[in-house]
Amino acid sequence: MSDLTLSSRAQSIGDSPTLKINALARALKKEGKPLIHLGGGEPVFPAPEAAVKAIVAKAETRKIKYTPSSGTPELKEAVVKYTLDNYGKKVGPENIIISAGAKQALYNFLLSVVNPGDEVVFPAPYWVSYPEMVKMAGGTPVIVRPSKGLQITASELAAAVTDKTKAILLNSPNNPSGLIFDAPFIEAVVKLAEEKNIFLLMDDIYHKLVFDGKICPNPYDYSVKGQNLVIANGVSKLYGLTGLRIGWAVSENRSLISAMGRMQAQSTSCNCDLSEAAAAAALLGDQACIGDLRSLLEENRNVLLRELEQIPHITVHKPQGTFYSFADFSRYNPDSQALAQYLLEKALVAVVPGKAFGMDGHLRISFCASQDSIVEGVRRIKRALENLSLKED
Ligand SMILES: Cc1ncc(COP(=O)(O)O)c(C=O)c1O
């Protein structure tokens with residue numbers, strides 16, 4: 001057979017809209033345009049000193065080699081400690097896989113559990129990669145949309161679970177809404193997954209970036225069986241170490257963790273040696289950086305909310321965590337892609353269209369930029385919107 005067409009899989013998978021916005025923002029900045037980037041997904045904080053020192057020390061050994069494919073013993077031990085400290089759960093290294101970001105951990109999970117035609121259920125708004133990753137793994141994404149507001153109820157989720165459901169994915173606090181699913185919801189979903197004997201993957205990548213003294217409900221508090229619960233996490237958001245590409249998954253289900261290890265061993269072999277050393281140092285080092293980041297983000301959130309209040313005809317939900325707000329701009333334009341493009345061209349402000357997260361009419365505005373950028377960015381958005389006529393309610 002002589003044929004250069006791409007696989008139907010490749011043809012069915014879209015670009016990451018958030019990475020695309022980042023690339024566009026970088027290009028405009030390079031051209032010298034005074035762009036304000038409120039579309040980003042990484043804190044501006046410098047890397048923790050312990051992580052930097054660990055990279056330098058490791059590099060100076062001049063031994064930068066392959067590491068054990070599912071993670072170094074040192075980093076796994078650091079994750080054992082993290083899991084005990086933050087979830088009160090004692091796990092062993094055999095319950096852990098270290099991956100190239102939480103993203104690869106999620107993908108390894110899907111590759112390990114999804115058969116063709118299996119359904120994976122998750123709420124909208126969702127992180128942009130979920131539908132595409134489920135499809136890449138051969139599954140069918142089943143999206144549950146809230147009947148009101150930005151959060152589904154436990155019964156809406158339960159109604160979407162069928163005989164074909166293999167897993168539920170939950171991200172709390174949520175990218176893009178910034179909202180936390182409350183304890184009764186988490187309890188109901190943990191119980192639902194156990195009753196139906198399906199997997200529940202909790203994407204906890206923002207679980208300590210929560211405001212107003214809140215804490216995220218702990219799924220282990222409600223888990224009886226444990227075999228179907230998987231927690232994904234990483235150093236990208238909490239420590240501002242997006243560039244290390246280190247995340248992990250934890251589960252009492254050892255055969256799942258070892259299957260995920262096989263997926264990884266046959267695709268990327270192992271993680272970056274320097275990054276694993278740095279991630280272990282960040283996890284075991286001074287944790288004050290997380291509190292500092294949380295306080296800064298809470299202030300930024302308050303600045304953003306104050307500025308957004310000046311824009312009429314939008315609906316804003318107060319983010320309880322993460323560094324994103326997800327406001328309804330549909331009175332200005334229900335087509336969020338067109339509105340984001342308009343704001344990029346007319347106001348030189350980058351935001352991410354809600355369509356990418358499964359809810360058109362909304363815009364995701366990040367508050368991980370500097371406060372000056374947040375103020376100036378939202379003021380520019382307000383001025384640009386004044387030139388648009390309002391759509392009927
Ligand atoms: C909800 C969610 N999950 C996972 C990730 C991936 O994180 P990592 O950098 O660890 O791959 C992100 C990054 O934006 C995210 O927002």
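This is a predicted model: local features need pLDDT of at least 70, side-chain atom pairs count only at pLDDT 80 or more; totals for chains, interfaces and linings use all residues.

Among contacts in the chain between residues at least 6 apart in sequence, what percentage join residues at least 24 apart? The value is 76%, where two residues are in contact if their C-beta atoms, placed from the backbone, lie within 7 Å.

Residues are numbered from 1 along each chain as its sequence is written.

Let us start with the whole chain. It holds 13 helices and 12 strands, and these are DSSP runs numbered from the N terminus, with helices being H or I of at least four residues and strands being E of at least two. The C-alpha atoms fill a box of roughly 60 × 60 × 55 Å along the principal axes. With 393 residues, a compact globule would have a radius of gyration near 21 Å, and the chain, at 21 Å, agrees with that; the radius is taken over C-alpha atoms, and the globule rule is 2.2 Å times the number of residues to the power 0.38.

Next, the division of the chain. There are two parts, domain 1 (8-46 + 288-385) and domain 2 (49-284), with bounds that come from an automatic or database domain assignment. Their C-alpha centres lie 24 Å apart, and 32 residues of domain 1 are in contact with 30 residues of domain 2. On the side of domain 1 that touches domain 2, helix 11 gives the most, with 7 residues. That side divides into 15 nonpolar, 11 polar and 6 charged residues, where Ala, Val, Leu, Ile, Met, Phe, Trp, Tyr, Cys and Pro count as nonpolar, Asp, Glu, Lys and Arg as charged, and the others, Gly among them, as polar.

Now to the interior. Buried residues make up 48% of the 393 residues; a residue is buried if 20 or more other C-beta atoms, placed from the backbone, lie within 10 Å of its own, exposed if 12 or fewer, and partly exposed in between. The largest nonpolar core has 113 residues, and those with the most contacts inside it include L110, L200 and L201. Such a core is a set of buried Ala, Val, Leu, Ile, Met, Phe, Trp, Tyr and Cys residues joined through C-beta atoms within 7 Å. Helix 5 (residues 101-113) gives the most to this core, with 8 residues.

Helix 5 also gives the most to the shell around the ligand, with 3 residues. Of the 13 residues around the ligand, G101, A102, K103, G234 and S236 come nearest, and a residue is near a molecule if its C-beta atom, placed from the backbone, lies within 6 Å of it.

Finally, a few details of the backbone. A cis peptide bond joins A124 and P125, with omega about -5°, and the bond from S172 to P173 is also cis, with omega near -5°. Are they buried or exposed, or partly so? T322 is buried, with 30 other C-beta atoms within 10 Å, whereas L348, with 18 C-beta neighbours inside 10 Å, counts as partly exposed.
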